[in-house]
Amino acid sequence: MSGIYIHIPFCKQACHYCDFHFSTSLKKRDDMVEALAKEIELRKKEFKEIIVETIYFGGGTPSVLNNKELEFLIDTVYKNYKVSEQPEITIEANPDDLSKDRIEELSKSAVNRLSIGIQSFFEDDLKLMNRAHNAEEAKECLEEATKHFDNISVDLIYGIQNSTNDKWLQNIETALSFGIPHISSYALTVEPKTALASFIEKGIIDDVDDELAHEQFHILKDKLEKEGFVHYELSNFGKQGFFSRNNTAYWQGKSYIGIGPSAHSFNGKQRGWNVRNNSKYIKSISENVLPIEIEDLTTTDRYNEYIMTGLRTIYGVSLHKVETDFGKDYKTYLLKTSEALIHQDLLYIKDAHIHVTKKGQFLSDGIASELFKINLT
């Protein structure tokens, strides 16, 4: 089983915190859609044995494409790959694109899951982040979307400058009031070369507060778990039956195809990434050349990646898998390097799996790096 990720590199405007690849110009939109379809076709030889279980439109803002364009790309996947009987087909969307008519159109398409970039229900937060929608649009789109879709995820951001814990709790409660079954939530981070980084450097706004983010992470976790959500990955909470099948496949190390400029792919032994430039991508595809760089992953690379993803999830890191997939020396190394972190109450072992404790959960990426192996083959 595998998934196809399709990167739509267009946005109406640039959010201040975002460092993903996108363009605010839609001039090359038609050429891009044609190129995406052609890459889907070109890649079928590389992944001819897979069964596609998920199709995920990410970006950028995929909801800038109309239904005809989305259906064209979905049909291209079906024409070139084996697709499971009930695939999860997700589109990321912003509230300002989700009018009543658009939601109704999408509900009649092959798309069966919406991932809506709310981020906050407060006007001042949205202005600080330079989001294209306002607070009222955020609520209106959810009210309409829940009439047509059962499988909906919303994105929320915590640790926003000048936020308070009470305000953050209101954000969570507002999302819950719509009966949303899945929430993805991330700490506001300052990425290099973004507008947010520039504003902080110039003293226009305060830097992010790590302690506030830490507090709000635990408010989120405690509230959602009380409401019956499973915290199945560091940034993801879902009701049973509503975990993201696309993202879960990433974390479980399944192969996936990344279509579009800047998109990444993984086949179990190699990682590839497409050129991060719309014009170069379109030109290369038009010449039947895949604009991709390939990295062969060493055993150590694959071990480190498994540690990173495993510790972020409820599934943890299987000692059996480490030994069978990477070798006995890796298992011995993992147990040895885990000892100090277990004594610090950051890790624990249960049923031959290593997990992060509640205390260590917010720090899981840093903890994982303590367990990495370096300079081994």
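Me: What makes residues count as touching Leu70 in this predicted model, and which ones are they?

Reply: Contact asks for heavy atoms within 4.5 Å. Leaving out residues up to four places away in sequence, Leu70 touches Phe57, Pro62, Leu65, Ile91, Arg102 and Leu106. Leu70 itself sits in helix 2, which runs over residues 67-80.

Me: Why is Leu70 called buried?

Reply: Check the number against the cut-off. Buried means under 20% relative accessible area, and Leu70 has 2%, so Leu70 counts as buried.

Me: And how do you know whether Trp168 is buried or exposed?

Reply: Exposed would need over 50%, while buried needs under 20%. Trp168 has a relative accessible area of 1%, so Trp168 is buried. You'll find Trp168 in helix 6 (residues 165-176).

Me: What makes a set of residues a nonpolar core, and how many residues does the largest one have?

Reply: The members must be buried residues of types such as Leu, Ile and Phe, joined through side-chain atoms within 4.5 Å. The largest set like that here has 61 residues, and Ile6, Phe57 and Leu73 have the most contacts inside it. Helix 1 (residues 29-42) gives the largest share of this core, six residues. Apart from this core lies another, of 18 residues, including Ile307, Leu346, Ile354 and Ile367.

Me: What is Phe57 in contact with?

Reply: Beyond its neighbours within four places in sequence, its contacts include Ile6, Ile8, Leu70, Leu73 and Ile74. Pro62, Ile89, Thr90, Ile91 and Glu92 are on the list too.

Me: Why do nonpolar side chains end up together like this?

Reply: In soluble globular proteins, nonpolar side chains tend to be buried together.

Me: How do you know whether the chain's radius of gyration agrees with that of a compact globule?

Reply: Put the two values side by side. For 377 residues, a compact globule would have a radius of gyration near 21 Å, and the protein chain has 21 Å, so they agree. The C-alpha trace spans about 55 × 50 × 45 Å along its principal axes.

Me: How much of the protein chain is buried?

Reply: Buried residues make up 52% of the 377.

Key:
Residues numbered from 1 in each chain as written. Predicted model: local features only at pLDDT ≥ 70, side-chain atom pairs only at ≥ 80, totals over all residues. Heavy atoms only, no water. Buried < 20%, exposed > 50% of the residue type's maximum accessible area, 1.4 Å probe, protein only. Helix = DSSP H or I, 4+ residues; strand = E, 2+ residues; numbered from the N terminus. Rg over C-alpha atoms; globule rule 2.2 N^0.38 Å.
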